[in-house]
Amino acid sequence: MTQGPILIVGAGHAGFQLAASLRQHGCRERIVLINDEAHLPYQRPPLSKAYLKGEGRPDSLMFRPDKFYRDQNIELIADRAVSIDRAARGLSLASGASLDYGHLVLATGARNRLLDIPNANLKDVRYLRTLDESEALRQRIESGQRVVVIGAGFIGLEFAATARAKGLEVDVAELGARVMGRAVTAEISQFFQDRHTAAGIRIHLGVQATSIESDGANVTGVSLSDGRHVPADLVVVGVGVLPNVELAAQAGLSVAAGIIVDEQLLTSDPDISAVGDCALFASPRFGGSLRLESVQNATDQARCVAARLTGDAKTYDGLPWFWSDQGPDKLQIAGLTTGYDQVVVRGDPGQGSFSAFCYKSGQLVGIESINRASDHVFGRKILGLNRSIEPEQAADLSFDLKSALA
């Protein structure tokens, strides 16, 4: 059991869940949640989906109202952590205040990877990760405008689908050979490329943006590496994120492509943990180290640390799952498909409802589903049990998936 105040740096999904779970586990220590945004802690997934479409107000995104923090005796501090004194177990804040800790948890998340090309700092070159960024885009996008999206990952395509539905002319520029190429199988990529193209989105593959063109103040277009110029009034960038490791690194903690933590999410200092998008964690389930960007990973890691800090230490063994809403289609992924060597399709892509069952050396490692929630639920269950089905069974629609769970 941890003695002394528990400080949580970062109030995203991981930070909020940790604070809430500590109280659910009966923790009576002081809990301080340090939030560097000017909003109550909020959900991020709707920012590129429902909220961007104009659904709901900012307060609809909040995990809990302000009263929750008062009732749970969670101190929510609007400030930014700037340095850690590990020897004294102290945290310094940008305001000049300092706090002592019994245990410190870094839930610092990640930030947008910035575009490094000429004119990338113009006001109409936008990003989409925070509520303020989503709100600004929500107010900015209007029918008839021209937008170029740089990057065909989840965020870029979610935004592109929303913008097109609102009547904008949309071009997407992607360096890779297919959309979402680092995240999904070729079968899923092709389906979404076809759907977005049919909706009137122009997708340019194998090219990168080389400069943002302007009239001196406003964006007028984007120049591509193949020599083409695409007119634009607005540019939205979605080229990945960088984990926020600087606070940890300055304190002498081990960092690489994230803050390095062990199987119980402890850093190289036993008084400091790290969770969520910033954590590079040792994974017994997958072998080696992973850093995942997902709500599931953030919340499950937070619950794991809360249990440890209240006397129930366990190895973190969460099964990853992800989702993306693009236009009318929902993509759901269970497991990690990295390194797959066989894909079996269940269902009919032509009907807009199918799943890609991914195998590695004959073992099921992940399922990517489009508009097929039952397959996704099955995937989470069977992968959670470390079991598999034969590829022939996956392809056979007459095979009852539930029978494999018996």
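Predicted model: local features only at pLDDT ≥ 70, side-chain atom pairs only at ≥ 80, totals over all residues.
Biologist: Is α7 mostly covered or mostly open?

Modeller: Mostly covered: 12 of its 15 residues are buried. Among them are Q296, N297, A298, C304, V305 and L309. A residue counts as buried when its relative accessible area is under 20%.

Biologist: What do the buried residues of α7 pack against?

Modeller: Quite a list: the strands β1, β7, β19, β20 and β22, plus the helix α1. Look just after α7 too, where G311 takes a positive phi of about 100 degrees.

Biologist: You mentioned β20. How do I read the pairing of strands?

Modeller: Look for bridges between them, and for the direction each strand runs. Strand β20 (residues 279-282) runs parallel to β18 (residues 259-261), and 3 bridges join them. With β21 (residues 289-290), β20 runs antiparallel, joined by 2 bridges.

Biologist: Which residue of β20 is the bridge partner of V261?

Modeller: That's F281. F281 also stands opposite L290 in β21.

Biologist: How many residues sit between β20 and β21 in their hairpin?

Modeller: There are 6, and G287 in the turn has a positive phi of about 80 degrees.

Biologist: Now β2. Are its residues buried or exposed?

Modeller: In a strand, check which way each residue points, then how covered it is. For β2, 5 of its 5 residues are buried. I31, L33 and N35 point one way, while V32 and I34 point the other way. The strand also pairs with β1 in the parallel sense over 4 bridges, and I8 has L33 as its bridge partner.

Biologist: What about loops? Where is D59 found?

Modeller: D59 is in the loop between β2 and α2. At 51% relative accessibility it counts as exposed, because the cut-off for that is over 50%. From D59 to T315 is 256 residues in sequence and 35 Å in space, C-alpha to C-alpha.

Biologist: Does R228 count as buried, partly exposed or exposed? What is it in contact with?

Modeller: R228 lies in the loop between β14 and β15, and its 38% relative accessibility makes it partly exposed. Leaving aside neighbours within four places in sequence, R228 is in contact with H204, V207, V222 and S223. R182 is 46 residues from R228 in sequence, with 25 Å between their C-alpha atoms.

Biologist: Last one: how do I read a pocket?

Modeller: Ask how much space it holds, then what lines it. The second largest pocket holds about 310 Å³. Its lining has 13 residues, with R285, F286, L336, L364 and V365 nearest the centre.

Biologist: Which strand gives the most to that lining?

Modeller: Strand β26 (residues 363-370), with 3 residues. By type, the lining divides into 7 nonpolar, 3 polar and 3 charged residues.

Methods: Residues numbered from 1 in each chain as written. Heavy atoms only, no water. 1 Å grid on protein atoms, 1.4 Å probe; cavity = no way out; pocket = protein on both sides within 12 Å on 5 of 7 lines; lining within 4 Å. Points joined across faces, edges and corners; volume = space filled by probe spheres on them. Nonpolar A, V, L, I, M, F, W, Y, C, P; charged D, E, K, R; others polar. Pairing = 2+ DSSP bridges. Buried < 20%, exposed > 50% of the residue type's maximum accessible area, 1.4 Å probe, protein only. Contact = heavy atoms within 4.5 Å.
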